[in-house]
Amino acid sequence: MQMNKIALIVDDSRVSRLMLGSLLKAEDPEWQVVEAANGLEALSKAAECQPSLITLDINMPVMDGFEAASQLRPQFPDATLLILTANVQASSRNQAEALGVHFLAKPISAVIARQALALWGSEHA
């Protein structure tokens, strides 16, 4: 099945969202990027755009990345979900693993963008 190339980038930092979006598009211009500033906004944006890749920061106002991931995972079972955060404690990694979500550490870079797309590619080959 051909998956769409829609990425939902969820982070309360506008700079982080813009940076990751531009890096994803630099790797593959076919990607469409949708942004959300918190987990609650992510739920409504995901319903609208049906993303196949969702990146989530952990620490955000209104709804954090773990809560959003726990709600997005059952709604989008085929999407690649990943926590992308500076919060690299073992407990955060374990919580991501328990939710069936990939875990990548900030800072955002071209390497992180390639890793995110590689994870997406391995799940949608």
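**Close-up 1. The side chain of Asn-87 in this predicted model makes a polar contact, at 3.1 Å, with the side chain of Ser-92.** Asn-87 lies in the loop that connects β4 and α4. Its relative accessibility is 18%; because buried means under 20%, Asn-87 counts as buried. When residues up to four places away in sequence are set aside, Asn-87 touches Ile-58, Asn-59, Ser-92 and Phe-103.

**Close-up 2. Five strands of the model form an open sheet with parallel pairing.** The strand order is β2-β1-β3-β4-β5. From one strand to the next, the twist averages 20°. Within this sheet, β1 and β3 are joined in the parallel sense by four bridges. Val-10 has Leu-56, in β3, as its bridge partner.

**Close-up 3. Helix α2 spans residues 39-49 and carries the buried residues Gly-39, Ala-42, Leu-43, Ala-46 and Cys-49.** These residues cover an arc of only 150° around the axis, which places them on the same side of α2. An α-helix has 3.6 residues a turn, so residues three or four places apart point the same way. Among the elements covering the buried residues of α2 are β1 (6-10), β2 (32-36) and α3 (65-75). At the start of the helix, a side-chain oxygen of Asn-38 comes to within 3.0 Å of the backbone nitrogen of Leu-40. Gln-50 follows α2 and has a positive phi, near 50°.

**Close-up 4. In helix α3, the buried residues are Gly-65, Phe-66, Ala-68, Ala-69, Leu-72 and Arg-73.** Viewed down the helix axis, the buried residues of α3 fall within an arc of 150°, and they therefore line one face of the helix. Their cover includes α2, β3 (53-56), β4 (80-85) and α4 (90-98). At the start of α3, the backbone nitrogen of Phe-66 has a side-chain oxygen of Asp-64 within 3.0 Å.

**Close-up 5. Helices α2 and α3 are shown together with the elements that cover them.** The cover of the buried residues of α2 includes α3, and that of the buried residues of α3 includes α2. Strands β1 and β2 contribute to the cover of α2, whereas β3 and β4 contribute to that of α3.

Note on methods
Residues numbered from 1 in each chain as written. Predicted model: local features only at pLDDT ≥ 70, side-chain atom pairs only at ≥ 80, totals over all residues. Heavy atoms only, no water. Buried < 20%, exposed > 50% of the residue type's maximum accessible area, 1.4 Å probe, protein only. Helix = DSSP H or I, 4+ residues; strand = E, 2+ residues; numbered from the N terminus. Arc of directions from axis to C-beta. Contact = heavy atoms within 4.5 Å. Polar contact = N/O pair within 3.5 Å; in protein donor to acceptor, adjacent residues only side chain to side chain. Pairing = 2+ DSSP bridges. Axes fitted to C-alpha atoms, helices over the stretch in contact; angles between N-to-C directions.
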